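Good morning, colleagues. Please bring up the sequence and the model on your screens, and I shall take you through its main features in turn.

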Amino acid sequence: MSIPSVDGLYLPILKLLASGETLRKAQLIEPLAVHFGLDADDVAQEYESGNGAIFADRISWTLSFLALSGLLSRPKRGYYAITDLGREYAQKDVAEVLAYVKQKMAKRGRTHKTEGNEKETVAAAAEIEGITPTEQLEASFEAIRQEIYDEILSTILGKTPQAFEKLVVDLLQKMGYGGRLEKSAQVTRQSRDGGIDGEIREDVLGLGRIFIQAKRYQRDAVIGRPDIQGFVGALQGQNADKGIFITTARYSPDAVRYVQNLSATRVVLIDGRQLAEYIYRYDVGMQTEQVFTVKKLDGDFWDEMPDDTAKPAS
């Protein structure tokens with residue numbers, strides 16, 4: 001099942017709290033997962049950046065939007081209870097709840113933009129778009145990353161074929177192939193490569209070897225089954241059973257099926273997009289430009305402090 005959006009969470013959360021219980025976000029995850037038919041993998045699914053679980057994040061922001069709209073209250077830190085207005089809207093349909101929350105958040109956004117409250121303005125803008133601020137950040141991160149992937153491939157295409165062969169050998173070493181063996185990887189001499197562009201030794205004696213073919217083609221080019229069959233033949237000529245075919249282009253469906261059906265030989269295909277992702281992830285020729293740290297309250301730390309039951313003076 002797909003994880004529900006913030007818009008899809010409003011009414012179920014109101015109905016769960018309509019009994020009058022005061023609950024924490026953690027207490028809502030399981031009943032909401034059951035309501036939407038989500039399994040453990042769905043609930044545990046994280047953002048690609050690793051910045052937390054998607055389902056829990058959406059629940060958290062939905063609770064915040066409902067509280068900012070006056071449909072929920074926060075009796076104490078981390079706990080939520082339904083208000084009289086919230087009970088009223090729990091009996092309405094989804095469209096009415098959405099319209100009310102969006103109208104309230106839009107109003108808050110206009111008010112706090114004038115007052116210079118960036119937190120409220122960002123939260124309001126995110127809710128109007130139907131996503132959480134975390135998802136806004138994720139979307140921006142993904143857009144930047146895709147632009148860098150394009151730049152990586154464009155840069156590679158401006159280099160020589162020999163430089164590309166060395167690059168993929170360096171990348172595979174960064175990924176952990178060859179372990180800590182000294183001189184575990186090498187680019188094959190062109191005069192005698194026999195269809196093999198590089199080699200990685202997996203053990204000191206060289207009993208385990210991975211052979212590499214690297215093709216620097218235009219990104220819209222398609223590598224078909226004959227190219228892969230030629231590589232498999234080169235592997236067999238080396239009495240090898242493991243190979244990696246890396247390209248800046250892409251593979252035809254027939255080439256992919258051919259590799260999937262191989263039995264005696266294992267071949268991994270890495271296309272242009274995957275290549276750029278690996279170069280980015282394993283910091284080959286990359287440098288960190290800026291780091292954003294997102295923090296949250298340490299619940300154990302704050303919960304150890306006694307709550308003040310008296311209302312603070314206005």
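I begin with the second largest pocket, whose volume is about 1,000 Å³. Please bear in mind throughout that this is a predicted model. The lining of this pocket consists of 23 residues. Nearest the centre of the pocket lie Phe141, Ile144, Tyr280, Gln290 and Phe292.

Which helices each supply at least two residues of this lining? They are helix H8, spanning 133-157, and helix H12, spanning 272-281. Of the contributors, H8 gives the most, with 8 residues.

The structure holds 6 aromatic pairs. One of these pairs is formed by Tyr149 and Tyr280, in an edge-to-face arrangement, with 5.7 Å from centre to centre and 90° between the planes. This pair joins distant parts of the chain, as Tyr149 belongs to helix H8 and Tyr280 to helix H12, and 131 residues separate them.

Are the two partners buried or exposed, or something in between? Tyr149 has a relative accessibility of 7%, under the 20% cut-off, and therefore counts as buried. Tyr280 has a relative accessibility of 23%, which lies between the 20% and 50% cut-offs, so Tyr280 counts as partly exposed. Tyr280 is also, as I noted, among the residues nearest the centre of the second largest pocket. Elsewhere, Phe231, Phe245 and Tyr251 form one aromatic cluster.

In soluble globular proteins, nonpolar side chains tend to be buried together. The largest nonpolar core in this model contains 34 residues, and Ile13, Leu14, Leu72 and Val101 have the most contacts inside it. The elements that give two or more residues to this core are helix H1 (6-17), helix H2 (25-36), helix H4 (54-68), strand S3 (79-82), helix H5 (84-90) and helix H6 (94-115). H4 provides the largest share of this core, namely 8 residues. Another core, of 20 residues, lies apart from it, and its members include Leu153, Val168, Ala276 and Val284.

My final topic is the sheet. Strands of a sheet pair through backbone hydrogen bonds, either parallel or antiparallel. Here, 3 strands form an open sheet in the order S1-S3-S2, with antiparallel pairing. The edge strands, each pairing on one side only, are S1 (23-24) and S2 (72-73).

How many bridges join S1 and S3? There are 2 bridges, in the antiparallel sense, and Arg24 stands opposite Tyr79 in S3. S2 and S3 likewise pair in the antiparallel sense over 2 bridges. The bridge partner of Leu72 is Ile82 in S3.

Finally, S2 and S3 form a hairpin, with 5 residues between the two strands. Within the turn, Gly78 has a positive phi of about 85°. That concludes my presentation, and I thank you for your attention.

Definitions and conventions: Residues are numbered from 1 along each chain as its sequence is written. This is a predicted model: local features need pLDDT of at least 70, side-chain atom pairs count only at pLDDT 80 or more; totals for chains, interfaces and linings use all residues. Side-chain values use heavy atoms; hydrogens and water are left out. On a 1 Å grid over the protein atoms alone, a cavity is a set of points where a 1.4 Å probe fits but cannot get out, and a pocket is an open set with protein on both sides within 12 Å along at least five of seven lines; lining residues have an atom within 4 Å of a point. Grid points are joined across faces, edges and corners, and a volume is the space filled by probe spheres set on the points. Helices (H or I, at least four residues) and strands (E, at least two) are DSSP runs, numbered from the N terminus. A nonpolar core is a set of buried Ala, Val, Leu, Ile, Met, Phe, Trp, Tyr and Cys residues joined through side-chain atoms within 4.5 Å. Buried means under 20% relative accessible area, exposed over 50%, partly exposed in between (1.4 Å probe, protein chains only). Two strands pair if DSSP finds at least two bridges between them. Rings of Phe, Tyr and Trp (its six-membered ring) pair if their centres lie within 6.5 Å; planes under 30 degrees apart count as stacked, over 60 as edge-to-face and the rest as tilted.
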